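These are my notebook entries on one structure. I list what I looked up, in the order in which I looked it up.

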Amino acid sequence: MTVALPRLVRSPGAATAAAVIGSALAILPPTAGEGPPGRPLPAEAVDAQDVITPIPASLGADPDRVALGRMLFSDTRLSRGGDRACITCHDIRTNGASAVARNLTADGTPVPRNTPTAFNAALSFRLGWAGDIPSLPDQAEIALTQPEFLGGSWPGILAVVQGDPALAGPFQAAYGREADRAAVIDAINSFERSLLTPDSRFDRWLRGDAHALTEAERAGYALFQGIGCAACHQGVNVGGNLFEKVGIFVTIPNKAAEVLRVPSLRNVAVTAPYFDDGGVAMLPAAVRLMARAQLGRELTDAQTASIVAFLGTLTGYYEGRPLTAPRAPGAPPQPPPQP
């Protein structure tokens with residue numbers, strides 16, 4: 001359902017594409033009440049808004065349909081075995097994904113790629129690591145019916161929804177008809193469009209809160225721009241809006257030189273493990289590898305720490321709480337992100 005792993009990329013033509021797409025996102029009108037506060041923005045925040053724009057508080061999803069989609073997102077009865085739901089792999093109580101490199105299919109084998117976060121997926125121009133899923137409705141269809149995910153069937157799904165008074169009545173009220181395939185998909189998509197994480201410290205800084213970032217974090221953002229990360233990681237989702245080849249300057253060990261959708265870096269500090277195979281456990285290592293492979297740069301420890309500090313400011317809030325990393329089996333609890 002979404003994507004959030006660091007891939008600091010730049011290639012001939014990528015910067016131009018990124019600038020065009022990022023600019024298009026940047027000129028979208030803000031949601032009511034979302035503009036900068038009634039004080040001048042710092043000059044560096046004004047410049048930053050040419051690259052990254054704040055996440056809106058809402059995409060205007062209908063609340064009744066969102067409520068239906070929320071129920072379906074957690075309903076294991078929609079799956080073939082009655083034992084899994086969307087939330088099984090996309091844990092919206094933590095980071096919208098999971099703590100494992102690759103989740104398991106219904107038959108116990110690993111899925112081909114790491115599970116991307118469901119948060120802010122609606123802000124990406126295409127979905128899936130390869131960007132081969134054109135839209136949220138297409139993604140919902142795949143998740144509900146493909147055997148490696150829920151493996152449900154439409155006759156079975158509709159029988160559950162139409163036969164449950166807690167769902168059938170609200171569907172009739174929200175859609176003016178009995179639940180059907182289109183309505184079920186739309187309800188799930190309405191909920192997914194509500195899975196936004198606004199109010200990160202970086203977004204607060206963009207809106208004029210000069211104290212939202214430390215000097216070290218602002219320096220990390222300057223370095224992020226200066227070495228070329230922002231050529232592809234920009235726009236409202238800090239990525240998620242173009243394609244790029246993996247391994248431009250250096251081939252990544254055990255990875256094919258394929259073209260993938262540039263992932264969003266929103267909430268990246270809490271969405272380990274990283275990359276499409278979940279092969280890197282720690283964010284500093286992921287940043288170093290991407291700088292080497294995509295930018296041809298060897299970062300020092302200080303430079304790596306600086307960029308990681310900036311990336312930590314991209315952690316947003318869902319329903320009033322900051323996103324957190326899920327606890328891996330046997331791992332100690334992690335401290336919550338800095339408010």
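I took helices (H or I, at least four residues) and strands (E, at least two) as DSSP runs, numbered from the N terminus. The model is predicted, so I noted that local features need pLDDT of at least 70 and side-chain atom pairs pLDDT 80 or more, while totals for chains, interfaces and linings use all residues. Residues are numbered from 1 along each chain as its sequence is written, and side-chain values use heavy atoms, with hydrogens and water left out.

Entry 1: I call a residue buried under 20% relative accessible area, exposed over 50%, and partly exposed in between (1.4 Å probe, protein chains only). Phe125 is partly exposed because its relative accessibility is 37%. Together with Phe243 and Val259, Phe125 makes a nonpolar surface patch of about 260 Å². Such patches consist of residues with over 30% relative accessible area and no salt bridge; like charges are joined within 9 Å, and nonpolar side chains (Val, Leu, Ile, Met, Phe, Trp, Tyr) within 5 Å. The areas come from the Shrake-Rupley method with a 1.4 Å probe, and for residues only the protein chains shown count as cover.

**Entry 2: salt bridges.** I counted as a salt bridge a side-chain nitrogen of Lys or Arg within 4 Å of a carboxyl oxygen of Asp or Glu. The structure holds 16 of them. Arg65 and Asp186 form one, at 3.3 Å from N to O. Arg65 belongs to helix α3 and Asp186 to helix α8 (residues 181-193), so this pair ties together parts that are 121 residues apart in sequence. I recorded Arg65 as partly exposed, at 26% relative accessibility, and Asp186 as partly exposed too, at 23%.

Another salt bridge joins Arg93 and Asp91, whose closest N and O atoms are 2.7 Å apart. Is Asp91 buried or exposed? Asp91 counts as buried, at 14% relative accessibility, whereas Arg93 is exposed, at 56%.

I then found Asp203 paired with Arg266, the closest N and O atoms being 3.0 Å apart. Both Asp203 and Arg266 are buried. Salt bridges that share partners also join Arg113, Lys255, Glu258 and Asp276 into one network.

Entry 3: Thr315 sits in the loop between α12 (301-312) and β3 (317-318). Thr315 is buried, with 7% relative accessibility.
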